[in-house]
Each structure stands twice: as C-alpha cells, then as structure tokens.
Amino acid sequence: SVEKEAPGGGADGDDSLYPIAVLIDELRNEDVQLRLNSIKKLSTIALALGVERTRTELLPFLTDTIYDEDEVLLALAEQLGNFTMLVGGPEYVHCLLPPLESLATVEETVVRDKAVESLRKISQEHSPVDLEVHFEPLVKRLASGDWFTSRTSACGLFSVCYPRVSSTVKAEIRQHFRTLCSDDTPMVRRAAASKLGEFAKVLELDYVKSDIISLFTALASDEQDSVRLLAVEACVSIATLLPQEDLETLVMPTLRQAAEDKSWRVRYMVADKFSELQKAVGPEITKNDLVPAFQNLLKDCEAEVRAAAANKVKEFCENLPEDSRETIIMTHILPCVKELVSDTNQHVKSALASVIMGLSTILGKDNTVEHLLPLFLAQLKDECPEVRLNIISNLDCVNEVIGIRQLSQSLLPAIVELAEDAKWRVRLAIIEYMPLLAGQLGVEFFDEKLNTLCMAWLIDHVYAIREAATCNLMKLVEKFGAEWAQNTIVPKVLGMANDPNYLHRMTTLFCINSLSEACGQEITTKQMLPVVLKMSNDQVANVRFNVAKSLQKIGPVLDSSALQTEVKPVLEKLATDTDMDVKYFAQEAISVLALA
Amino acid sequence: MSIIATATEKVDGFTRKSMRKAQKQKKSQGSSQFRTQALTELSPLPQLKDAPSTEQQELFSQKLQQCCMLFDFMDSVTDLKSKEIKRATLNELVDYVSTNRGVLVETAYPEISNMICTNIFRTLPPSDNPDFDPEEDEPTLEASWPHIQLVYEFLLRFLENPDFQPSIAKRYIDQKFVLQLLELFDSEDPRERDFLKTVLHRIYGKFLGLRAFIRKQINNIFLRFIYETDHFNGVAELLEILGSIINGFALPLKAEHKQFLMKVLVPMHTAKGLALFHAQLAYCVVQFLEKDPILTEPVIRGLLKFWPKTCSQKEVMYLGEIEEILDVIEPTQFKKIQEPLFKQISRCVANPHFQVAERALYFWNNEYILSLIEENIDKVLPIMFGSLYRISKEHWNPTIVALVYNVLKTLMEMNSTLFDELTASYKSDRQRVEVEASCYGDASLRQDLGNWSGLGEG
C-alpha cells in the first residue's frame, strides 16, 4: 500500500518511486508547511503512481487522512478538482467523490466552498449514468446530513446535476431543495436562498412557476433579514426567467414588500440591485412600480440605503423607457435628487456626486443648465472635499453637453480650495485631475488661473505631493506642447535650482527627469543641461548624486557631442566624489551611458 | 503639546486618532426605528395611584397603549413634551408592576407584550463606524435609550413579578419573541446588552419549553459569528448566560451539548476579537470539563489545532485557558495529552515575545501542575529540556532567563539523573553539529552554530 512506500519501507528497489515515497511521507509530517507542499505536488505523485494506484491507494489514503489543518484541506480540495485525468479520465472520475464529500462537510467555510467548487467542476465530467449512480446519491447524502455544513454544501450542487438526470431523479432533487429552503438552521436557508436564482435557471418553466415562486416568497419573508436579503438577489434571476404577464402576480408582491422591509439591510439590497431589477422586470413595471419604490429608497430613513440608491440614480434614469424618460426624471426623480444634495450624511452626498453629472447627457443642454447646474454648483461648494472631488472628476460628462465655461466661475474657487486642503490626500486627488481639467478648460484659462497652483505644489511639504506635481507637469507638457513648456513652466522650474532649500533644488532635478523627453532635445540641451551640470557642485551630497541620476536619465535625449564634451567630464568628476553614494550613481551613469 | 498638534495639523492635516475619537464621541448616537405610524401628540393621563381600583385596569391598559408611540431621538428638539409624558408614564408603569400585587390579570398580557415588542424590537442601525473595533473605539449608543431603558426595566419587573404566570405569558413570549431578543444582542450599546442578558436569563429560567430553542439559536448566532461574519457585539453576554446554563446540565451530557462544545466553543477561539469574550469562553469550557473530564483530551487537542501562529496577545490568552483547564484536569487525562501539550508549551517558553514566554513559565508556580509534571517527569522533561536549556542562555529578556533558571532547578530536583543525561546528550549533540561543520566547511552550518554560541559556557 501507499503507506509502506514511505522511506525505509521502499525496499522493493524501485528507485523511480523513491521521490514519491518522500512526498507521501511528507503528507504525514508534523510540519504543516511540509504537508502543504506535498499536497500541492499531489498531481506529481498521482502521475508517478499511475492511474490505477492513484485510484486504489492514493485516494483511499487521502480520504482517511482528512482531519488536517484547514490550510492543507483547502489545497487538497482544490487539487482534487483537477484530478480527472489522473484517475483515468471521465470513466473513473467518481473515485474522486469520497474525499470531496468529506471535505464538503468540514466547518471551515473556505474549505467547504472549495470542495463544492471542485465537485461542481467534476460533475460535468460524469456521464449521465454515473451522475445518477454516483453523484446524485452524494448530493442526497449531503442534503440530509445531520450537521448543517453538509446541507449548506448540498445547496450548491443541485443545479449542476439537475439538467442531466431523469425526471424521477429531478423530482427528488426539487424535493430536497424545497426541504433545505425551510431548514431550521438559518445558515442552510441562507445557502439555499443564495442558490435559488441559479437553481431556477436550470428548472423547467412550469416548475419555476410552481416550485420556485413559493420558495422565493417564503424565503423573502423569512424571520431572519440575512435570508430575506438573499431572496432579493434571486429575484433578479427569477424575474428574468418569467414571461412578462406573470411578473405582476408572481414576483411583484414580494419585491414591493422587500423594498419596504423593516430591516434596512433588505432595503439596502433592493437599492443595490436596482438596475438589475429594473432590467429584469421591464419598462412597464418600472414605470408603475419601480419609480415610486426608487423615490422611497432615495428618501429612506437610513443613510446607508439612501447612499446605495443615490449611486444608482444615473443608471436608473438611463434605463428608463425612452418615451417617458424625461418626464419621469423631471417630475419624480429630480425632486429627490435635489434633496439629497443637501443630505445630512456625507456618504450620501458623495455617492450622488459621483453619478449626478451623468444626468446631463440624459437630460440635454437646456434642462442641464436650468435644473442640474445649480445642483453641481451647490455640490462644488460642499463642505466635504470628497463631494467636490467627485464632481470635478466627472466634469467631462458636462463638458460634452454644455461646455465647461458655464461652470468655470464656480469651478475655480472649488479647485483652489481643494488645492490648498489641509489633507494631503485631498490635494493629491485634485492634482490627478489637473491634466483632465487643463484639457477641458483650455490653455488660456489654465495659464491665467491654474498655473500658479501647479507650481505651488512643487514646494509642498509632503513628498507625495511634490512627486505628483512633477508628474502632472509632464502630462501638461504632453497636452500643451514643448513651446508652451519653454515659455511657462521651464523657467520657473529651473529657477528653483538656486533655492536655499535643498529639497526644492532636488525638485528641479526631478522635474527635469520627467520633462526632458516631452520637451525634446533642444530645450533639454540648451536650457536644462547647463542647470544640471552647474548643480554638480552643490554642497549637499543628495543633490549631487541626484545630478548623476538625472544625467543618466536625460542622457538618451541629448546628442552625442553634448554627452562627450559636457556630461562626461562632470560625471567623471562626480565619480571621484568624497561621498560614497555620489560615486556610486556617477559610475552607474557612466556605464549606462557607455561613456567609459 | 497642543501647539505641536496644531502645527502638524497644518502641515499634514491628518488628525490623530485620539482627536478623531473625541469628535466622534459627540455624535456617537444611533437609532433605527423604521416608522410608519404618524405622530400624534400625547396628552397626560391621570396617575394610576389616584384612580379608583375599578378603573385602574383600564387606565393601565391606556397607559400601555400610550407608550407604544415611538419618537425620533436623533432629533433632540422635536416632540419634547410628548417624549417627557412617555418617560414619566413608563416610570409609573415600572413602579406599578413592581410594587402592586394582582395587577397582572390575563387581559393585560397581550397589551404588555405589545408595548414591549413595539419599543425594543427593531433592526439595529448600521454601525456609524464601519471598521468599529470594540477594543479601541467608543460604541455608538442607542439614542432612544431614555425610553428603551425604562421599557427593559418594565420587562424585567414584569418577569419578576410574583404573580407572573409563564403558562399565560408563553403565548406572547414565544420563539419569535426570543429570536428578536437574541438579534438585539448585536447592539453596540453595552447598557442595552446588559439588560438583554438579564432578561434572557430570566426567560430561560421561567420558560422550560423555550430552553432548547434558546440554546439552538445561540448556537446559530455563534456559528454565523465564527464562520460567516466575524462580527457580533453580544458574544460575551451570551457566553455569560451559557456559563450558568452549562452549570445546570444533567449528567451524562447529551450529544447535543458535546457537539456544542467541540463544534462551536472550541472553534470560537479562532475569532479575531477573542479578547472581548475570552474570559467568558474559558469559563464555559472549564464548566464542561468539570462536568465531564473525558472531554479534556479532545478540547485540548482542539485548542492545540487552533493555536495562534502570529498573535502573541491571543497566545497569552490560550495559555491562561490551558492553565485553568490544568487546574481541574484529572491525572489520567493529563497523561493522554501531555506530549502534544508540552510540545506546545515548550514552543511558548522559547517565544521571543517575553509575555508569552512568561505566561508559559508561570505554570511552574502552580502547585497542582507541578505535581502532575513531577508524576510524569520522564515524559515531560525530555520535551521541555531543549527549549529551556537554550533560552536560559539566549533569551533577550533577563526576567525570562531568571524564571527559566528557577524552572530548570525545579525540574532538576524532580529527577536529577534524567536531567544530567539530558544535559550530556544535549552537549554532545551540539558538539557533533560543530564537528560536522568544521569537517564539511559548511558555511550555513557554521552560521547556525554562530547563532547557538554561548551555549557551552554555563
């Protein structure tokens, strides 16, 4: 047997099996890491043993040893899902069921879920006969297990075998699923509720109407809100399966009830799934039922629910039937949105700010100017920076519809305020939108109003801001061109080379590093290079070794004569510097630029 | 200090945690009453004590109905008058059921139950702080506490009233009632959980028919806590109730109870927030083991399986629990688990975190544990020797080194022959490693020795 193959027992002289014996021995080692390594090489072991011994020796051995650490079990559960060929192909795939069945009953959720995943995978490799003879009995055993873990696992297996079994077995499967939906442990009901949609998809329409709907209704009014909210998820799949004329009687009563559930978690789920629900129930029901429900969710007493609904405003409006879209938005949705702009909760406002700009494309120019613009402006002045940022980050939507000029008067103070926000993360966020803003506002507006800000960030207290500011300059040059750079930013950047603060002098070098390529050879050689070379005499070693790094970086942009006559002597001098780091980076630059 | 704080504020604007907390505390009140009923202003009713006895029942019932009106406490300025009327009425009701006999007539039960359910049963609000850390953060308090507290008070007095009849009350205090009560244990407000604990305890005591159901639901809450959400605020309170329930279990223990111990209580040691309920959990475990010593071996093996790998704070808790278990262990049980257990203790003793090492070494201050070790010295000493000997030379913390010396001394006194043998074989082992290193010139081996240096000098 496999156990006797362990080292010391391998006396049959078969050397080729020795490494395998070692691996198997490791499966029983005290050290978890070794067992884990061995499990991960399980396919190697199986390959070496051959299909027959894998079936008759390795798998029973594994089935017997399932009491290990969860980590090892997880690896095992995963491995076994890919074992079909190693046990001899589909004909023998059922050999993998016993160990996976045990794994599907352990307490640890991760292991159990992985075992179910592997079982689902290998179910496809069973022939219809094997499915009925081997797989389906396993599902039944799990479904009627004593401990809740096996019953939760069973929930995930019904849908994979249902389509491929005979009608008698199908009836049994439906019965088992029904039983689990009313299991007395909530864990099992949750598992069943979460698979309800998936199971509905493989059922015949008649059974969807007769079986699934009653289960759905029962789960949606479960005593535990954790079960009810999962029924909402299933609602999407179920509604998609049913013909339009049945939706009203079979699904809508439950959905309406969920949207007004006393638990905010359930209402949150409805809000969160609103777009999917809207698509599933179609335009007519949306107009009559979902619009008022959505209004209620936007006005919910719990901020969490309002925020989830606010997030869906744009998608919901987009998907409204075209003939009545504008009327619905203007008369029903917009009044709620207006109230949300001054909500007491900042998460609600910020969720709204991240989508509200999208309404302008739906409503068109006139409505945007008249109704939305005041809201945008109010949000641009919101006390919470996240709200303002979310508005600014979506400016492109408005730009397409009304042009950004309409906003620029209010935009500027908002940007300036964010640019000077006390929190560096806020400053960082606004820097990231600068290139976008610059592109939309145009070069003149930029030079006049924003350029100073961009330069001020270069001397920020926080390195991350200085770094982002450097990168921002590069993107601006890519947008506005080298000539613009030469006239506006290059002189200011180079001016900082004489700053008394060495951090600012280094910022000059960092800017040159990122700008040289965008500015091109001429500006780099004529304006930047002399400054860099001059800085090689800086008193601060950090500046000097950054000179060496900069020279290495801009070297490829320079022509070879400048490299030979100007760069090389400076680097050679730096290579004899008293400071170790300066020497190191100078030498590195010399070798990279091939100046040796 | 404050100047520094504002200066850093200006530079960075990162508010320090203490300051953020101070801000939080001001508004850390939450409430979630999903109101559907419209508010009508309350008008004061006459005092119960002034009413003629023939009208008292009717007035009592009117007052109970009045107290079903719910108010928005998140808005502290609205309905002030009505809120005060309800508060005074609740106070009066509490007084009425605790001081009077014969007030709990059968018709009062549904009205009492209705008033209680309307007020306390609600979906708890979403946590104000999504990464609420019960060990660090201030809890969000229930805003409507001025009323809810009195309702809990009333419920307790109702249950404790000498006239209280479980046979009538069970129509209202049923499974659904208990289920909703249990859900409230997730409240962030410790005041509320404290009331709930007493209430549930009374219900468990008075309603025999609900006992199995209550245990089962607690079981479900715990399983969900361990395997699904990793979050439930009332674990400590529920465990406290269970502690006294376990105490009353009849012998032999039912399979259901053993399963609860092995599949719920033991895996519960893996929870992230163990520190919040470890004392109660350890108490429950020890209660079980005192009832049925046969369970000691599987429990200790379970703890060893879940032994923390990186969290020193938890390791100290596990060691504390092991000591509590060893305090009540039977010598025959000790023999069954001594090997795996002392392998773990030996690892703990050698832990670089001095609190872990210290906690493990404290075992040797326990007279009963010492007697168990002495009885089994031939098994325990060989397991412990290597670690103890090594750290007596190596541990960075002088307190630990001193403790280890004492432990070694105690062990030596228990069996000096074995001790000498182990010392000799330890030294020869070390020498062998040294010789091998010099023979093969293996750099890494020599490195190992380098790390071991200072062993021989003692």
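Two rings of Phe, Tyr or Trp count as an aromatic pair if their centres lie within 6.5 Å, taking the six-membered ring for Trp. I'm working from a predicted model here.

**Entry 1: aromatic rings**

I began with a search of the whole structure, and 33 aromatic pairs turned up over all chains. I picked out Phe354(B) and Trp396(B), an edge-to-face pair with 6.0 Å from centre to centre and 85 degrees between the planes. Phe354(B) sits in helix 17 (residues 354-361) of chain B, while Trp396(B) is in the loop between helix 19 (377-394) and helix 20 (398-414) of that chain, so I noted a link between distant parts, 42 residues apart.

Then I looked up how open the two residues are. Phe354(B) has 28% relative accessibility and goes down as partly exposed. Trp396(B) comes out at 57%, which I logged as exposed because the cut-off for that class is over 50%.

**Entry 2: salt bridges inside the chains**

Next I ran the charged side chains, and the whole structure gave me 52 salt bridges over all chains. I looked at a few of them.

Arg265(A) and Asp225(A) meet with 2.8 Å from N to O. I placed Arg265(A) in helix 16 (residues 264-272) of chain A and Asp225(A) in helix 13 (residues 225-241) of chain A, 40 residues apart.

Asp289(A) and Arg256(A) make another bridge, at 2.5 Å from N to O. I have Asp289(A) down as buried, because its relative accessible area is 16% and the cut-off is under 20%. Arg256(A), at 34%, is partly exposed.

In chain B I checked Arg171(B) with Glu106(B), a salt bridge of 3.2 Å from N to O. Arg171(B) lies in the loop between helix 7 (166-169) and helix 8 of chain B, and Glu106(B) in the loop between helix 4 (80-99) and helix 5 (108-120), so this pair ties together parts 65 residues apart in sequence. Both partners are partly exposed: Arg171(B) has 48% relative accessibility, and Glu106(B) has 43%.

I also noted a network in chain A, where salt bridges with shared partners join Glu136(A), Lys140(A) and Glu172(A).

**Entry 3: where chain B meets chain A**

Last, the interface. I get 26 residues of chain B in contact with 36 residues of chain A. The two chains bury about 2700 Å² between them, and 53% of that is on carbon and sulfur atoms.

How many salt bridges cross the interface of chain B and chain A? The rule finds three. I looked at the one between Lys263(B) and Glu107(A), whose closest N and O atoms are 3.2 Å apart. For polar contacts between the two chains, I have six residue pairs.

Which helices of chain B each supply at least two residues to the side that touches chain A? They are helix 8 (175-184), helix 10 (211-229) and helix 12 (255-265). Helix 10 gives the largest share of that side, with seven residues. Sorting the side of chain B that touches chain A by residue type, I wrote down nine nonpolar, eight polar and nine charged.

Notes. Residues are numbered from 1 along each chain as its sequence is written. Chains are lettered from A and ligands numbered from 1 in the order in which they are written. This is a predicted model: local features need pLDDT of at least 70, side-chain atom pairs count only at pLDDT 80 or more; totals for chains, interfaces and linings use all residues. Side-chain values use heavy atoms; hydrogens and water are left out. Contact means heavy atoms within 4.5 Å. Buried area is the accessible area (1.4 Å probe) that two parts lose on being put together, summed over both. A salt bridge is a side-chain nitrogen of Lys or Arg within 4 Å of a carboxyl oxygen of Asp or Glu. A polar contact is a pair of N or O atoms within 3.5 Å; within protein, one must be able to donate a hydrogen and the other to accept it, and residues adjacent in sequence count only if both atoms are side-chain atoms. Helices (H or I, at least four residues) and strands (E, at least two) are DSSP runs, numbered from the N terminus. Ala, Val, Leu, Ile, Met, Phe, Trp, Tyr, Cys and Pro count as nonpolar, Asp, Glu, Lys and Arg as charged, and the others, Gly among them, as polar. Rings of Phe, Tyr and Trp (its six-membered ring) pair if their centres lie within 6.5 Å; planes under 30 degrees apart count as stacked, over 60 as edge-to-face and the rest as tilted. Buried means under 20% relative accessible area, exposed over 50%, partly exposed in between (1.4 Å probe, protein chains only).
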